[in-house]
Every structure is written in C-alpha cells, then in structure tokens.
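Q: I would like to learn how to read the main features of a two-part model. Could we go through them in turn?

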Amino acid sequence: MPEETLGSLLGALYRRRLTIVLVLVGSLLAGTFYARLVGPDYVAAASVMIPNDPVGISLSTEGGNLPKGPLLPDLSDDARVGALGIFASGAVYDRMAAEHPDYDPRALRKAIRGNIDRGGNIQVLAYAPTPELAAELANDYAEAFQAELEEITLASLRRSFEAFVREEPLAEQRYREAHQALVDYLASIDTVDLDSETAQLLTERRKVEEQLLQLELHRVKGQAERPVLEAALAERPEMLTSLRKFQRNDAFDKLLARARDLSAQLAVARLEYRDVHPEIQRLQRELEVVQREAEELAEEQMRLDSEVTTRDAQVTEWMRRLAAMDVVEASYDAQRAVWAQRIAEIEPRLQRVPSYRAEVAERQSHLASARSYWEKVASRRSELDFHVRAGLDFSVMTDAMRARPERAKQVPTTAGLYLFCTIAGLAGGLFLALSMELLARMRASRPF
Amino acid sequence: MTDRSLPLQDWGPLGRVLAGAAGLAFGALVGWLVWMDGRLHLRLQIDLFGPELPLVDDLPFLPSLGLVGLLLALAGFVAWVLKSGSLDRPVLGLIAFSFVAEAFPVLSQAGLLLLLLLLAQRILRHGDMPFPTTLLMLPALLILISYATTFVLTNEFLPIIPTFGYRLTANFLIVALLPAIIRTRRQLEIFFHFLLVSACISVAVEWGQFALSAVAHRPITFLAGETAYDKVTTSFGTFPRLTGLQIHPNLQSNCISTLAVLALWFGLRPRRALSLGKRVFYLSAYVWLALGVLFTFSRSGWLALGLASMVVPVFRFPRLAPLYLMALGLSAAIGWKTGLLEATYHAVENLQKASADFRWRIDHLAIEAFSRHPWFGIGTMGILDYYNPWRLQVHDTYKQVLAEMGLFGVLAFGSFMGLVVWHLTKTYLTSRFSFDRDWVLGISLAFVVILIQNAFVMFLWVRFLWLMVILMEVVYMVSRNQTGRDPDDLIFLPPPRPTPA
C-alpha cells in the first residue's frame with residue numbers, strides 16, 4: 001500500500017460517510033429500542049453507618065460507652081472487609097427473601113448491591129422498574145443487613161458467653177485447688193509464714209554468731225592480759241594502811257593545867273610575900289617540878305589512838321579481772337558448745353529455705369494466676385451477660401438515611417443514553433469505516 | 001487528496017447492502033453495550049472492581065467511555081496503518097511502546113504477534129526472508145542454558161515455568177528478531193524516535209498520575225500493592241512516586257533516563273549535522289524526560305541520569321572538555337567545602353532510609369549464596385527462598401547474577417556483554433560513517449545509566465535492559481553496511497517509493 005496524507009484519509013472517511021452514519025443510526029436505534037422495550041430502571045440508595053465504637057454497657061466504666069463526638073462511619077479495613085464479606089456471602093439476600101416471601105432471591109441478587117460510598121458508609125443500591133419498589137428494596141435490604149450484622153456479632157458474643165459460663169466454675173475450682181495446695185505445703189514444712197520465720201532464724205543465727213565472737217574475744221583478751229596483771233600484782237602489797245587516828249596526851253595536859261595553877265598561886269603569893277617566904281619557895285619548887293615534867297612530856301603531846309589497814313583497790317580490781325578471766329576460761333567450752341549446737345539447729349533449716357521459698361513462690365504464682373483467670377472469666381461473663389441481655393447497637397440507620405422514592409434516580413438517563421450512543425456510534429463508525437478502507441486497500445494491493 | 005482513492009463500490013451492490021447491514025449491526029451492538037452500561041454500570045463496577053473504586057465510583061457511563069476510547073484507539077491505529085501505507089511502522093511503534101509500558105504486558109505480546117504475522121506474510125509473499133544472524137545468539141543461548149539450570153536446582157519448578165516462558169518470548173526472542181527487522185540506519189533512527197515519543201507519553205502519564213493522586217489524596221500509579229514505597233515524604237510535602245506506564249518508579253526512571261541521555265547526545269550534535277526542528281525535539285524530550293525522572297523519586301535514577309548527563313558534554317565537545325571538567329571540579333569543590341553536597345546526600349538518603357538499609361542485608365545474602373554455590377548459583381529467583389525473611393530480590397543486578405546463576409552465569413552474561421562491547425569498539429574504529437560512531441558513543445553513554453542503576457536495582461530480566469543491549473548490537477549490524485545504500489532485500493519498513501514527478 002502506498003503512504004497516504006491526512007487529507008486522503010479524511011477523504012476516505014468522507015467517502016465512507018454512509019458506513020459512519022449507519023453505525024451511528026444503528027447505535028441510536030438500539031439505544032432507543034431498548035429504552036422503549038425494557039424501560040429505564042430506578043436506583044434508590046439507603047445508607048447504614050457502623051459506628052467506630054458501638055455503644056454498649058460496661059460493668060466497670062462508662063468511659064468507653066460515651067461517644068466522643070458525632071457517630072462516624074468505621075473506615076478501618078477490618079470493618080470494610082467484614083461488610084464486604086457479608087455482602088458477598090448472600091446471607092442478606094436469603095434473610096430478605098425469608099422475611100418477604102414475595103421476593104425472588106435470584107431477582108434480589110441481580111437488583112441489589114451492597115456498596116461503600118466515598119464517605120465510608122455502607123450504601124445499599126437497589127434497582128427496580130419503579131422508584132417506590134427500588135426504595136422499598138433498598139430499605140428492606142439495609143434492615144436485613146443490620147439484622148444480619150447484629151446476629152453475626154451477637155452470635156459471637158453468645159458463644160463467648162456460653163463458653164465463659166462453662167468455664168467460670170472450672171476456673172474457680174482451679175483456684176481452690178491451688179489455694180489448698182499452698183496451704184498443705186506450708187503445713188508440711190511446719191510454717192505459717194515462711195518469710196517471717198526465715199527472718200527470725202536469720203536474726204537468731206546472727207545473734208548466736210555474735211555471742212560466739214564475743215566469747216572468743218573475751219578469751220583471747222584474757223589470755224593476753226593475764227601475764228601483765230599477774231606481774232603487776234606481784235609488785236604490789238596486797239594490804240595497805242588506809243586510816244590512822246591520834247588524840248591529845250592527858251598527863252601532859254594535866255601538867256600544863258597544874259603549871260598554870262601554880263603560876264597563878266605564885267603570882268598571888270608574891271603579892272603578899274617576898275621571894276624568900278617559904279610559901280613562895282614551895283610554890284617555886286613545885287612549879288619547877290611541874291615544868292620539868294611537862295618538858296619531859298612535850299614530845300608526847302599527841303598519842304596514836306587507832307590505825308585501819310585495808311586491801312589495795314587496784315589490786316582488788318586486777319584480782320577481780322583475773323577471777324573473771326578464770327570464769328571465762330572455765331565456762332568457755334561449755335558456752336561454745338551451747339552456741340554451736342544452736343547454730344547447728346538453725347543452719348539446716350535455713351539451708352532448706354531456698355527450696356521452700358521456690359516451692360512456695362511457684363504455688364503462690366499458680367494461686368495468683370488461677371485467681372486472676374477466675375476473676376477475668378467471672379468479669380467477662382458478667383459483662384457479656386449484660387450485653388447479651390441488654391443488646392448492643394452495631395449499626396445506625398436514621399430516617400434521613402433511608403431510601404425514598406422521590407430521591408430514586410433513573411438509569412440510564414435519556415440524555416446520557418443518547419449522548420453516549422452518539423459518541424460511541426461515531427467512534428465505532430470511524431473505526432469501521434477506516435477498517436473497511438484498509439480492507440479495500442489490502443484487496444487492491446493483491447496478491448496479499 | 002491523492003488520486004489513488006478507491007472506487008466507492010468496493011463489493012458491488014450486494015456487498016454494499018451487506019456492508020451497510022454490518023454497519024447497522026455493529027452500531028446496534030454499540031448501542032446495546034451503551035444501554036447495558038447505562039443500566040448496569042454501578043452494578044458492574046461493584047461486581048468487577050469491588051466497592052469504593054477510587055475516583056470513578058458512581059461515575060455513570062464509564063465503561064461506555066472506555067469503549068469509545070478503545071474504538072478511537074483502534075481507529076487511530078488503522079488510520080496510522082493507512083497513512084504509513086503498511087503495518088510496519090505501527091507494529092514497530094507498538095513494539096517500541098511496549099518497552100516503556102510494562103504495565104500493559106499485553107502490548108508486548110500483541111506487538112510481537114503482529115510482527116510475526118507480518119514477517120510470515122512477507123515470507124509467503126517473497127518466498128524468502130533475509131535473516132541477518134548475530135553472534136550474540138551464542139551467549140544468549142548460554143544465558144538460556146544458565147537460566148534453565150534453575151529447573152534442576154529447584155524442587156518446585158512449576159511456578160518458574162510461566163516466568164521462564166514470558167522471558168523466553170519477551171527477552172530472548174527480541175535478541176533474534178530486532179537485528180532482522182532493523183537493518184538500516186533509517187530504521188534505527190525511526191525506532192529510536194518511536195522509543196523517545198513513547199517515553200514522552202509515559203512521562204505525560206506521570207503527570208496524569210500526579211493529578212489523580214492529588215485529587216484522591218493517595219498515590220494512584222501502576223505500583224500495585226507496594227504501599228510502603230509508593231510515596232515519599234519531603235520537606236515540601238508527601239509526593240507519590242510516579243511510574244508512568246511502567247510498573248515501578250525505578251524502572252520508569254531507568255528507562256526514561258537512558259533515552260533522555262541518548263536524546264541529549266543527539267540533541268547536541270554539531271550544527272550542520274542536525275536540523276533545528278530535530279534539535280528542539282531532542283532537547284525538549286531530554287528536559288521533559290528529566291522532569292519525569294525527578295518525579296519518580298528514584299534516587300538511583302537521579303544519580304544515573306545526573307552522572308551520565310554530566311559525561312555527555314565531555315565526549316560531545318572534546319575540545320572544551322578540559323575547561324568543562326575544571327568548571328565541574330570547581331563546582332564540586334565549592335559544594336564539598338560549603339557542605340552542600342553532604343547536605344544533599346543526607347536529604348536524598350533520608351527520603352527512604354529504610355529502603356536503603358534493608359537492601360544491604362539482602363546483598364549480603366546474595367554474597368553468601370554465591371560463596372556456597374559458586375558454579376551454577378541457587379537458580380533464578382532462588383534468593384527469594386534463600387533464608388530471606390523479606391522475600392525480596394537482591395537489589396544489585398551484578399550480585400543477582402553471581403548469586404542466582406553462579407560463575408556459569410557470569411561467563412554467559414560476560415560473553416554476552418563482551419561481544420557487544422567488542423562489536424561497538426570495532427564499529428567505532430572502522431566505520432566510515434559518522435552516524436555509526438555517533439551512535440556507538442551515544443548508546444554507550446546511555447548504557448552508563450543502566451550500568452549505574454543496576455548496582456542498586458535488579459533489572460536483569462527487565463525487557464528494556466535487553467532492548468538496549470540488542471540495540472547496541474543492531475548498531476554494529478547496521479554499520480556493517482558501508483556502501484551507503486540500503487540493502488535491496490528489505491522486506492520490513494522499506495524506504496518510501498520515490499514520488500512520481
């Protein structure tokens with residue numbers, strides 16, 4: 001085939017205008033024929049929202065049951081996949097057909113589609129020859145969808161509830177068994193409270209060890225001090241004069257008094273007599289005798305009355321300490337034997353404590369686990385009991401979301417049908433005309 | 001309008017009536033389809049694509065619009081066949097288009113089928129067909145044998161068969177067919193132009209994807225199921241990684257940047273060697289494709305295009321090369337000293353740091369696989385099951401060959417590429433046509449893009465890589481004709497007949 005210009009191509013199209021017109025006419029005629037013969041459908045849409053957090057009842061808190069804002073459609077993939085699964089299963093069609101025996105299930109499957117619109121809401125589209133029927137179908141399907149959704153969700157809740165009802169006594173029994181096992185074990189190891197008993201044993205052992213240490217210290221100290229004390233004692237007398245009492249000499253005191261008296265008599269006598277008087281002579285002689293005697297006793301004016309001799313206090317203390325050392329030494333073996341025996345009694349019990357403790361901890365853990373499980377099961381059972389009895393809202397469809405006949409749309413619209421029949425007819429005519437031209441040219445370039 | 005228009009009555013009266021009836025029937029069929037679409041469009045959309053189809057949900061007459069588009073595309077194809085006078089150009093265009101449109105694998109199959117039909121028709125008409133053979137078939141056969149060892153190495157070879165079959169036709173067949181249909185310099189240039197236009201169309205599709213993504217607030221590209229890598233977050237906002245007509249942004253960037261470098265090379269031809277119109281076309285195409293590469297957000301693509309583009313002036317203007325290199329070095333020094341280069345590196349790295357991290361781990365697996373199975377490797381795609389928790393390919397084509405095909409594969413691919421390099425060198429040294437030498441340098445520089453990017457991606461079995469290799473061989477095959485005249489036995493895309501005076 002020779003190459004062509006754009007003009008020759010347009011010329012070929014002009015020559016084959018009849019083909020283009022015939023395809024266009026055929027397209028329009030077919031559109032008109034089917035529009036008249038079958039008639040348009042009407043599509044009505046009803047919406048259902050699946051809230052993010054279904055409002056429910058809780059035994060523990062109201063926090064999760066209070067909507068935080070407007071109810072929003074659930075845009076999560078899980079919810080979407082779940083909704084699509086319900087659509088695809090056909091269960092809603094079957095439910096709808098069961099509730100409305102006048103509906104043909106096969107016709108329903110052709111006429112109704114479950115969709116998710118741009119806002120994420122579940123959208124039910126129903127096609128029917130009249131707007132009223134379309135709206136009715138859409139609403140019935142939406143209600144059947146809600147009921148199906150509720151049944152599916154509640155079925156799961158009920159199954160869980162039944163399982164919890166069966167499980168709760170078993171959980172309680174397991175808890176009781178664990179509790180009894182712990183009590184039995186504590187009894188078998190002869191303790192009520194292993195922790196406090198262990199603490200007591202440890203305290204006692206520490207005290208005994210301290211006593212032993214003190215004993216050793218005293219003994220070693222005594223052994224070191226003994227030679228020193230003994231040497232010191234050897235250098236000091238044991239007894240010491242601790243008190244001497246003195247009193248005046250009576251004979252001396254009497255001589256002094258006689259002397260004072262004779263002096264007085266002499267003085268008086270000299271007033272009457274002269275010194276040669278015999279009286280005075282006698283008095284002088286007597287005074288001289290007394291004075292001579294007094295002078296002889298002058299060194300014995302004080303006379304020892306009594307003297308006390310006592311033990312040396314330092315020596316006594318040292319001797320006491322020596323005695324104490326002797327006591328310590330004497331009681332050392334006996335005391336040590338007593339403390340060692342006590343240690344020997346405490347130690348084995350303490351050595352068994354780790355194994356006791358591990359065993360008790362394990363049993364306590366079993367007990368705590370069993371208790372927690374029992375409490376959870378009981379709590380969930382109570383919660384589900386509430387939910388199953390009170391019911392939950394799994395979806396929302398307000399009046400405004402229901403399909404209405406006046407909002408049903410005609411499909412296809414007459415304008416759309418003729419517009420697209422025209423455009424597609426022209427495109428088809430163009431293609432056919434050019435194909436026929438190509439065929440003609442290929443024929444012309446025989447042999448091909 | 002030419003005088004060679006055919007008479008109106010192609011088939012005679014009965015034929016005309018039948019043709020008219022066929023037209024009416026065809027129109028009725030179209031009308032029925034539009035009617036059915038009008039009634040059932042949303043039901044059909046939901047049944048076929050699921051609910052909440054992005055953008056087109058609830059859009060009436062969408063399939064009708066698709067029907068119109070299909071009919072117009074077919075009409076356009078037929079018109080192109082009529083205008084070009086044969087099926088050759090449209091088929092060549094379709095094949096070129098299929099290489100930049102991996103998102104539509106049917107195009108490559110359709111193009112190949114049409115080509116085979118066309119060749120069969122020509123062989124029947126002429127009774128013979130000159131089929132230039134190339135030595136490249138031998139290493140290609142080695143590669144095929146190396147690939148086939150996978151069937152021995154793996155326990156589950158059934159899943160490999162479809163991929164093997166596709167690559168056998170899409171990759172290996174082109175090695176045999178392209179030298180047979182592109183035999184002249186004119187054909188080579190035509191094919192390159194088709195590739196360039198196709199790449200530009202692919203970038204135009206990128207802008208469409210950008211607009212759709214902006215409207216839908218989520219990436220709308222052909223990167224199916226790769227939600228982790230279909231967008232990047234930058235300081236300017238989150239951008240979709242556009243794929244154009246390819247299935248991955250890295251592949252798109254690889255393809256269009258390779259062609260962009262070729263366009264830049266040819267666009268910078270000396271003044272008298274290129275018309276103004278062609279220069280504008282090439283350079284505009286380069287800018288257009290470079291913008292396309294930018295918005296793929298493929299870091300390896302940016303690197304490859306940047307380096308290859310910087311090298312082009314060195315070879316195109318060798319006299320000015322020292323000055324250019326000095327300027328380049330000065331710029332690099334300023335960038336280094338000011339910290340601009342480092343900041344740019346970190347900004348680019350942080351675009352998808354996780355992606356950069358995990359590939360080193362898989363590369364390590366590949367090295368381990370090679371060290372344990374050095375001779376024949378672990379089989380094609382074997383790395384997916386080789387203690388590979390990510391089940392991802394090695395992101396390094398060279399390591400991919402080592403790990404999956406072993407030393408035998410290295411030998412096969414080495415001889416494959418070695419032969420091509422030898423042929424190109426020979427062409428560059430011996431050809432008396434500047435066209436050939438220009439192509440040798442141009443395609444070698446363009447191949448730098450592929451060589452660089454394949455250090456970061458796994459494009460071993462991507463058709464575009466094979467196309468570029470065989471195109472290099474085609475340059476050699478074409479250059480063997482040193483007479484300056486087209487061969488007389490051309491049966492595909494023959495030169496236009498001289499216009500009668």
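What follows is a dialogue on chains, contacts, cores, a sheet and some backbone details.

Q: What kind of model is this, and how are its parts labelled?
A: It is a predicted model, in which local features need pLDDT of at least 70, side-chain atom pairs count only at pLDDT 80 or more, and totals for chains, interfaces and linings use all residues. Residues are numbered from 1 along each chain as its sequence is written, while chains are lettered from A and ligands numbered from 1 in the order in which they are written.

Q: How many helices and strands does chain A have, and how many does chain B have?
A: Helices (H or I, at least four residues) and strands (E, at least two) are DSSP runs, numbered from the N terminus. Chain A has 11 helices and six strands; chain B has 17 helices and two strands.

Q: What percentage of chain A is buried, and what percentage of chain B?
A: A residue is buried if 20 or more other C-beta atoms lie within 10 Å of its own, exposed if 12 or fewer, and partly exposed in between, with C-beta atoms placed from the backbone. By that count 21% of the 448 residues of chain A are buried, and 41% of the 501 residues of chain B.

Q: How many residues does each chain give to the contact between them?
A: The size of an interface is often given as the accessible area lost when the parts come together. Here residues are counted: 55 from chain A and 46 from chain B. On the chain A side, the elements that give two or more residues are H1 (6–15), H2 (17–37), S2 (112–116) and H11 (414–444). H11(A) supplies the largest share, 20 residues. By class, the chain A side has 34 nonpolar residues, 13 polar and eight charged. In this scheme Ala, Val, Leu, Ile, Met, Phe, Trp, Tyr, Cys and Pro count as nonpolar, Asp, Glu, Lys and Arg as charged, and the others, Gly among them, as polar.

Q: Which residues touch the most other members of the largest nonpolar core?
A: In soluble globular proteins, nonpolar side chains tend to be buried together. A nonpolar core is a set of buried Ala, Val, Leu, Ile, Met, Phe, Trp, Tyr and Cys residues joined through C-beta atoms within 7 Å. The largest has 140 residues, and B:Ala260, B:Val261, B:Ala263, B:Leu289 and B:Val475 touch the most other members. H17(B) gives this core its largest share, 14 residues. Leaving out residues up to four places away in sequence, B:Ala260 touches B:Tyr286, B:Leu289, B:Ala290, B:Val293 and B:Leu305. A second, separate core has 35 residues, including A:Ile50, A:Met96, A:Leu108 and A:Val411.

Q: What span should H3 of chain B have, and what is found?
A: The expected span of a helix is 1.5 Å times one less than its number of residues. H3(B), residues 88–99, has 12 residues and should span 16 Å; its end C-alpha atoms are 17 Å apart, which agrees. Of those 12 residues, 11 are buried, among them B:Asp88, B:Pro90 and B:Phe99. The buried residues of H3(B) pack against H2 (62–84), H4 (105–126), H8 (185–216) and H17 (463–479) of chain B.

Q: In what order do the strands of the open sheet in chain A lie?
A: Two strands pair if DSSP finds at least two bridges between them. The order of the four strands is S2-S3-S1-S6, with antiparallel pairing. S2(A) and S6(A) are the edge strands, each pairing on one side only. Three bridges join S1(A) (residues 41–48) to S6(A), and A:Val43 has A:Lys409 as its bridge partner there.

Q: Which helix of chain B lies across this sheet's strands?
A: Axes are lines fitted to C-alpha atoms, for helices over the stretch in contact, and angles run from 0 to 180 degrees between N-to-C directions. H1(B) (residues 12–49) lies across S1, S2, S3 and S6 of chain A, at about 55° to S2(A).

Q: Where is A:Pro412 found?
A: A:Pro412 is in the loop between S6 and H11 of chain A, and the peptide bond from A:Val411 to A:Pro412 is cis, with omega near -15°.

Q: Is A:Asp190 buried or exposed?
A: A:Asp190 counts as exposed because it has 8 C-beta neighbours inside 10 Å. Its phi is positive, about 60°, although it is not a glycine.

Methods. Contact = placed C-beta atoms within 7 Å.
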